[in-house]
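Biologist: Let us go through this complex together. I will ask, and you will answer briefly.

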Amino acid sequence: MSRPGFVLQVDDRTPPLVVHEGEGFRLERFPIGTRVVYPPESLPAVRDVDATIRHALLNPEGSEPLSELLRPGMRLTIAFDDISLPLPPMRKPDIRQRVIEQVLTMAAAAGVDDVALISANAVHRRLTPDELRAIVGERVFRSFFPQGLLYNHDAEDPDDLLHVGVTDRNEDVEINRRAAESDLLVYVNVNLVAMDGGHKSVPVGLASYKSLRPHHNSKTMVQSRSFMDPEKSHLHHSAIRMGRLLADHLRIFTIETTLNNDVFPAPYEFLNKREWEWSIRDQASMLAARRALGVAPRKVKRRVFHSLESPYGVTGVHAGETEAVHAKTLANVHRQQMVEVQGQTDVLVMGLPYLGPYNVNSVMNPILATCMGLGYYFNSYRGCPLVRQGGAVILYHPVPNEFSQLHHPSYVDFFEEVLAETTDPVAIEEKFEQSYATDPWYIHLYRTSYAYHGVHPFYMWYWAAHALDHVGDVVWVGADRHTVQRMGFRAASTLSDALEMVSGTVGRSPSLTYLHNPPHLIADVH
Amino acid sequence: MMTRFLRETADDVRMVARGWRWGRRPLVPRNAEPFVPEKEKYVFPTEWARRRPARALREVVQEVGLDPLLRSQVSPRVTGLDMLGRVSPPVLFVANHASHLDTPLILCTLPDAWRRRTSVAAAADYFFDTWWRATGSAIVFNTFPIERRGGSLSSTPGDLLGQGWNVVVFPEGTRSPDGWMGRFRMGAAWLAIEHGVPIVPVAIRGSFAAMPRGRSWPRPGRPPVTVRYGAPLSPGDGETAREFAPRVVAAMSQLLDEDRTTWWQAQLRAARKEIPDPSGPKVARWRRVWEQTAPPRVGRRTDVWR
Amino acid sequence: MMLALEMYRSLPRYVAARAAGGRIPGILTGPAAPLRLVNRDEPRVEHESWARVRPTLSGICGSDLGAVTGTTSLYFSALVSMPFVPGHEVVGELLDDCDDLSAGTRVVLDPVLSCAARGVEPCASCAAGATNRCDRITVGHVSPGLQTGYCSDTGGGWGRVLMAHRSQLYPVPDDLPDERAVLAEPLACAVHTAFRAAVPDGATVLVSGAGSVGLFATLALRELTSAGRITVVAKHARQRELARSFGATEVVSPDEVFRGVRRTTRAFRLAPDHQRAYLLGGVDVAIDAVGSKDSLDTVLRATRAGGRVVLSGMPTGGADLSPVWFRELDVVGTYASAPSEPAAGGRPAFELAMELAAGGPLDGVVGAVYPLYRWREAIDHAHSSGRLGTVKVAFDPHGER
């Protein structure tokens with residue numbers, strides 16, 4: 001039986017707590033009285049995943065069974081979530097592979113010939129063949145990739161985009177042409193966090209830059225409170241409008257899957273546990289890991305961390321009409337991640353791990369770290385933000401001035417050029433977004449190499465817009481001073497220094513809350 | 001570089017040692033207490049204690065340490081060993097339990113060949129509470145943990161019987177508070193039926209007088225204790241634990257009576273169903289203790305019955 | 001007799017400086033410096049239109065340091081006459097009347113010793129007003145020497161007296177203080193550079209280097225041309241600040257040149273095997289204001305096809321010239337300045353320079369003034385001026401402290 005999440009009050013019996021900081025973690029003794037939000041323990045996984053998938057496909061929500069939607073001579077497109085989900089990547093077989101295999105089995109049985117598989121990466125980088133293989137599995141890969149029928153969505157390919165229409169709010173809906181012109185579009189999702197899935201799958205994952213602009217902008221993001229709560233997220237409202245428009249034009253069969261919180265594989269299971277329950281063995285593994293990380297060169301550390309694969313269990317598979325499916329999926333996600341928290345706090349403390357959605361097999365650069373902390377983690381709330389208006393956020397991450405030239409070329413320029421001038425998301429959007437989004441070099445790299453689109457760093461900064469608007473002070477513990485300064489933040493070497501630094505904003509004895517994440521959690525703040 | 005690494009290592013170790021209170025009980029933060037999971041039943045592994053190296057070590061400890069020590073502190077008298085000639089291992093030794101002396105008394109009075117193949121069921125919550133007590137008792141007494149608070153019967157005694165080991169069980173589940181025999185639990189009878197092994201009752205008298213609950217060393221003056229092995233009891237065909245258990249209790253009672261008097265008198269009393277209740281008279285507590293703390297008086301000693 | 005710093009020929013010192021100079025800068029201001037402080041004869045005025053000048057301030061230029069450290073190409077060895085007193089960035093006072101200028105006039109010096117000064121028939125360049133291209137710099141009245149400060153007869157700014165020809169002299173307006181007037185010569189070079197760059201309207205310009213050459217070039221480009229975006233490559237914090245105040249649109253650090261230029265020009269960046277990256281596309285005009293191999297390499301690789309590369313620092317060579325060929329680059333040199341700049345309607349570069357000196361944000365640009373006897377400190381300071389946040393180090397030849 002898995003225990004629910006809860007809020008720990010640090011007392012004199014509390015052992016030091018793990019705080020993630022990039023490619024490593026530290027033990028931190030929090031001041032007495034600090035609240036620590038722990039996610040619920042892993043829900044039990046379904047026993048027979050394949051049977052669950054089959055059941056979902058044959059008994060869908062608000063739709064005929066998949067097998068009845070398939071007929072010979074039809075045009076079938078299967079789109080799936082890209083490598084940004086789940087985090088860390090799932091131990092093979094990936095859930096998407098298992099779903100796609102069953103969909104294809106049914107399609108083969110129904111005599112469907114015209115099938116294409118598309119990674120719904122929007123303006124994310126293309127996936128390498130190896131990465132595609134890891135997601136869809138060897139069988140699917142071998143059957144489709146060499147024929148060019150398994151490929152990455154290209155948001156800049158004018159020949160492979162179709163303008164479907166505009167919504168009642170005048171939002172352009174332009175998505176992948178192959179998907180839009182299919183008789184049936186099957187979308188296979190991994191719903192790791194509450195912002196994923198639903199109408200965010202097709203209208204966003206397969207969109208062009210033009211179709212992303214209505215919701216991926218600083219104004220929408222400031223008003224998405226939070227973007228982890230689709231009901232209150234303007235981002236999602238826009239996506240839903242687009243999704244409904246698309247649903248009128250195109251038959252979409254959505255398959256959504258949810259995972260439990262088994263994030264850390266052996267021998268790092270101790271990171272999944274509550275610290276006071278660590279056995280001697282856990283303590284020994286922790287010490288060994290800390291020491292090894294202490295001497296390991298950065299490259300080795302990176303390789304070790306990025307080779308982690310999570311032994312996730314599947315907690316649910318739902319299929320059918322997008323909105324009906326997503327309601328069930330969200331319930332599953334909430335069941336796994338929701339923690340009730342009473343009241344806001346003056347200071348919110350968060351430790352950022354080595355991995356975010358956009359640096360799989362890559363470097364978490366300063367902008368991604370900011371997006372991770374002030375975007376994803378800050379927005380992991382429902383109700384009201386965990387930190388009060390004008391409060392302070394303390395983040396743990398080394399934030400080295402390090403970028404992947406391969407994956408994040410536009411980020412470097414964003415950091416050097418844009419952030420040197422201003423850190424205000426609105427001003428940034430106004431002055432620079434267009435020029436980056438249309439820079440032919442970024443477009444070239446996005447389309448032919450493995451680079452994120454030129455506009456992507458802007459989105460990352462918009463992701464943090466709500467937090468930048470809401471909090472009064474941001475201090476990074478253990479960070480590179482110059483790097484965080486460029487982003488408009490300050491660096492401290494220890495937690496006590498950081499508290500000293502924010503005392504001007506929140507006073508001498510602020511209330512502290514530490515978000516013990518990962519594994520993922522959503523704070524339900526009352 | 002090296003010194004920095006060492007210094008950080010020392011810091012880490014110190015922090016973990018303090019945070020998790022090495023050598024002491026770990027504590028749970030107060031408001032996390034409602035969320036503490038039920039403690040997983042951790043069974044201390046004792047398999048190793050029945051392997052060759054541990055056996056060799058135990059042989060030395062028992063022969064050179066335990067046996068002389070026991071005999072220097074109490075004067076045990078053992079009777080009825082011939083009963084063992086009538087059965088072959090594995091058997092279940094069932095004894096009354098009044099003192100920590102009982103286990104060493106049984107082990108030291110058994111013939112060597114039997115002793116080497118005998119293991120003792122010990123309370124998991126006491127003997128297997130800490131690793132050092134568990135390790136010590138497993139080496140010296142060849143104990144294995146048994147859950148005395150009911151619940152599922154641990155599978156170990158059955159496994160041991162299956163592997164040909166004799167098992168000592170104290171069906172009272174705990175030492176008697178006043179020296180009189182307590183209520184027997186069904187576990188022993190159930191085991192015997194399940195594994196088709198005979199029960200050898202063992203009556204121990206005087207151990208309470210020598211070292212009752214609360215004492216950690218026998219009374220001075222080498223107090224006498226008697227250990228009497230009784231006739232083996234085998235469960236009949238189709239006999240249930242519920243039927244067999246009273247037979248075991250009766251045999252125990254008779255054996256205690258026999259030790260106090262003579263075999264024949266006990267036989268006669270048994271025939272007349274006049275065996276005194278081994279749980280003692282219903283009188284004031286002090287009188288019960290008083291009677292039990294007297295050194296065991298042995299009935300008319302007739303060599304014939306010895 | 002006068003006190004002067006003299007540079008003399010010493011093969012061992014030259015070799016030592018060349019070998020160790022880059023790595024152990026201390027050695028250059030210590031035992032290995034081919035410099036000495038001596039009492040030597042004052043230069044004697046023997047010809048028409050020559051007069052003695054008493055320098056009040058005399059700058060230390062990159063080319064002077066090059067001579068001290070032995071990084072200057074031996075190409076120039078035939079153009080100097082040892083031993084000489086260095087110093088060609090001079091503001092001083094006339095000690096004698098000189099044609100129309102009376103003794104006591106404050107003057108700055110165009111150091112080029114052209115046909116007029118040497119008393120020979122004007123060569124073609126001099127006749128056209130481009131004295132900096134003079135072909136007769138080794139003959140005539142004075143011993144060989146491309147400039148004052150490299151010629152053993154004229155003396156130089158690092159001594160207490162030098163002599164100059166009327167053709168070299170420009171009177172200084174009274175309201176221009178010495179600290180600014182001493183910058184007239186480097187500013188004149190910058191003015192010349194700006195004209196040589198021939199920047200089209202709104203063109204993007206890259207200036208590699210933010211020492212005095214780069215900074216002044218930036219200033220001149222901003223003031224005298226209609227350049228669009230000017231990107232300056234600067235290493236040190238103070239240089240970044242100055243570059244901005246001198247008119248740079250953007251300042252980047254040396255390892256970010258391609259990034260910055262690529263962004264502003266929307267070029268494509270390529271990474272060849274085992275070599276530095278380069279751009280397809282890039283700036284219209286690039287100015288190398290350092291002269292090092294790295295810097296030259298950078299500007300060649302960051303300039304668009306058909307663009308112009310101006311060599312303003314004294315080049316030390318060794319760069320890969322493939323881009324010049326493949327991208328059809330115009331590579332132009334710029335040396336000293338001309339008394340008649342065609343791009344300025346035939347005005348002398350020095351006049352424009354003095355206007356810049358008067359109007360530019362140049363306060364504090366002369367960051368340190370040393371007396372001659374503290375020359376080791378002065379050279380040392382000049383050598384690491386970028387890091388120390390100084391643009392120009394100067395001697396006050398008559399100063400005592």
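**Domains, contacts and strands**

Modeller: In chain C, the centres of domain 1 and domain 2, taken over C-alpha atoms, are 28 Å apart. This is a predicted model.

Biologist: What scores does the predictor give the complex, and what pLDDT does chain C average?

Modeller: For the complex, the predictor gives an ipTM of 0.80 and a pTM of 0.74. In chain C, 96% of the residues score at least 70. The average pLDDT of chain C is 89.

Biologist: Which element gives the most to the side of domain 1 of chain C that touches domain 2 of chain C?

Modeller: Start with the bounds: domain 1 of chain C covers 2-183 + 362-395, and domain 2 covers 189-333. Ten residues of domain 1 of chain C are in contact with twelve residues of domain 2 of chain C. On the domain 1 side, α3 (62-69) and α15 (385-388) of chain C each give two or more residues. With three residues, the one that gives the most is α3(C).

Biologist: How many residues on that side of domain 1 of chain C are polar?

Modeller: One residue there is nonpolar and two are charged. The polar ones number seven.

Biologist: Which pair of chains shares the most contacts?

Modeller: No contact joins chain B and chain C. Their closest C-alpha atoms lie 27 Å apart. Two pairs of chains are in contact, and the pair that shares the most contacts is chains A and B.

Biologist: Now the contact between chains A and C. Which element gives the largest share of the chain A side?

Modeller: Chain A brings eight residues to this contact, and chain C brings nine residues. On the chain A side, two or more residues come from α14 (409-421) and also from α16 (440-448) of chain A. The largest share, four residues, comes from α14(A).

Biologist: How many residues of that chain A side are charged?

Modeller: Three are nonpolar and one is polar. The charged residues number four.

Biologist: Which strands stand at the edges of the open sheet of three strands in chain A?

Modeller: The order is β13-β20-β15 in chain A, with parallel pairing. β13 (338-341) and β15 (381-382) of chain A each have a single partner strand, so one side of each is left without a neighbour in the sheet. The edge strands are therefore β13(A) and β15(A).

Biologist: Which residue of β20(A) does Y381(A) stand opposite?

Modeller: β15(A) and β20 (residues 522-525) of chain A run parallel, joined by two bridges. Opposite Y381(A) stands A523(A).

Biologist: Which residue in the turn between β2(A) and β3(A) has a positive phi?

Modeller: Strands β2 (residues 17-20) and β3 (residues 25-28) of chain A pair in the antiparallel sense over four bridges. H20(A) has F25(A) as its bridge partner in β3(A). The two strands form a hairpin with four residues between them. In the turn, phi is positive, about 60°, at G22(A).

Biologist: Which residues of helix α8(B) are buried, and which residue follows the helix?

Modeller: In α8 (residues 187-195) of chain B, the buried residues are G187(B), A188(B), A189(B), L191(B), A192(B) and I193(B). Among the elements of chain B that cover them are β2 (92-95), α7 (156-162), β5 (166-169), β6 (199-205) and α10 (241-260). After α8(B) comes a residue with positive phi, near 60°: G196(B).

Key
Residues numbered from 1 in each chain as written. Chains lettered and ligands numbered in written order. Predicted model: local features only at pLDDT ≥ 70, side-chain atom pairs only at ≥ 80, totals over all residues. Buried ≥ 20, exposed ≤ 12 C-beta atoms within 10 Å, placed from the backbone. Contact = placed C-beta atoms within 7 Å. Nonpolar A, V, L, I, M, F, W, Y, C, P; charged D, E, K, R; others polar. pLDDT = per-residue confidence, 0-100. Pairing = 2+ DSSP bridges. Domains from an automatic or database assignment.
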